[in-house]
Amino acid sequence: MVRKIYNCEEGCSVESTLQLISGRWKSVLLYHLIFEGEHRYNELQKKIPGITRRMLSLQLKDLESDGLISRQVIQEKPLMVSYHITDYGHSLKPVIQMLHQWGNEFNQINNGTLEEECLICN
């Protein structure tokens with residue numbers, strides 16, 4: 001997938017940032033790797049029960065290709081793969097921390113409930 005990295009007017013840097021961390025799971029993956037440290041593939045999948053194996057692989061590949069995380073193959077039988085945050089990815093800590101804090105406040109205000117809108121029901 002080719003991504004556009006914007007560097008034009010005010011606000012374009014927000015789009016650039018969102019391209020790197022957007023998606024349903026990338027921010028959650030970054031949260032676990034920044035605040036909990038290195039994780040193996042299966043550990044990450046257990047922490048995010050709604051993610052499929054394919055989607056987890058795609059999201060991890062994107063984060064790795066963007067230089068936010070790094071992948072290490074551990075030469076044991078069976079082979080294990082471990083992921084950890086890079087220094088560049090660690091620079092997102094304040095952003096991810098603010099998203100976490102805002103989400104906690106949102107959940108408290110809304111009692112943890114969020115209704116989904118059905119776009120095709122009407």
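**Reading the model**

Mentor: Helices (H or I, at least four residues) and strands (E, at least two) are DSSP runs numbered from the N terminus. The model is a predicted one, in which local features require pLDDT of at least 70 and side-chain atom pairs pLDDT 80 or more, whereas totals for chains, interfaces and linings use all residues. Residues are numbered from 1 along each chain as its sequence is written, and side-chain values rest on heavy atoms, with hydrogens and water left out.

Trainee: How many helices and strands does the secondary structure of the protein chain come to?

Mentor: The protein chain has 6 helices and 3 strands. Read from the N terminus, its elements follow the order α-α-β-α-α-β-β-α-α. Of its 122 residues, 28% count as buried; buried means under 20% relative accessible area, exposed over 50%, and partly exposed in between, for protein chains only and with a 1.4 Å probe. Among contacts (heavy atoms within 4.5 Å) with a separation of 6 or more, 46% come from residues 24 or more positions apart.

Trainee: At what angle do helix H1 and H2 pack?

Mentor: Two packed helices are described by the angle between their axes and the distance between those axes. Here H1 (residues 12-21) meets H2 at an angle of about 75°, and the axes lie 8 Å apart. H1 is therefore roughly perpendicular to H2. Axes are lines fitted to C-alpha atoms, for helices over the stretch in contact, with angles from 0 to 180 degrees between N-to-C directions; under 35 degrees counts as roughly parallel, over 145 as roughly antiparallel, 65 to 115 as roughly perpendicular and the rest as oblique.

Trainee: Which residues in H1 and H2 meet?

Mentor: From H1 come Gln19, Leu20 and Ile21, and from H2 come Lys26, Ser27 and Leu30. By class, the residues of this contact of H1 with H2 are 3 nonpolar, 2 polar and 1 charged. In that scheme Ala, Val, Leu, Ile, Met, Phe, Trp, Tyr, Cys and Pro are nonpolar, Asp, Glu, Lys and Arg charged, and the others, Gly among them, polar. The buried residues of H1 are Cys12, Ser16, Leu20 and Ile21, and they pack against H2, H4 (53-65), H5 (87-90) and H6.

Trainee: How many salt bridges are found in the whole structure?

Mentor: Side chains of opposite charge can pair when their charged atoms come close. The search of the whole structure returns 2 salt bridges, each defined as a side-chain nitrogen of Lys or Arg within 4 Å of a carboxyl oxygen of Asp or Glu. Lys26 pairs with Asp62, their closest N and O atoms being 3.4 Å apart. Because Lys26 belongs to helix H2 and Asp62 to helix H4, the pair ties together parts 36 residues apart in sequence. Lys26 and Asp62 are both buried.

The side chains of Glu36 and Lys47 form a salt bridge at 3.2 Å, N to O. This pair links distant parts of the chain, with Glu36 in helix H2 and Lys47 in helix H3 (residues 41-47), 11 residues apart. Glu36 is partly exposed at 37% relative accessibility, and Lys47 is partly exposed at 38%.

Trainee: How many aromatic pairs are counted?

Mentor: Rings of Phe, Tyr and Trp (its six-membered ring) pair if their centres lie within 6.5 Å; planes under 30 degrees apart are stacked, over 60 edge-to-face and the rest tilted. That rule gives 2 aromatic pairs. The ring centres of Tyr31 and Phe35 are 5.1 Å apart with planes at 40°, so this pair is tilted. Tyr31 and Phe35 both sit in helix H2 (residues 26-36), 4 residues apart, about one turn of the helix. Trp102 and Phe106 have ring centres 5.5 Å apart and planes at 15°, so this pair is stacked. Both of these residues, Trp102 and Phe106, lie in helix H6 (residues 93-109), 4 residues apart.

Trainee: Is Trp102 buried or exposed?

Mentor: Trp102 is exposed, at a relative accessible area of 57%, whereas Phe106 is partly exposed at 26%.

Trainee: Where is Ile51 found?

Mentor: Ile51 lies in the loop between H3 and H4 and is buried, with a relative accessible area of 4%. Leaving aside neighbours within four places in sequence, Ile51 contacts Trp25, Gln45 and Leu56. The C-alpha atoms of Ile51 and Trp25 are separated by 7.7 Å, although the two residues are 26 apart along the chain.
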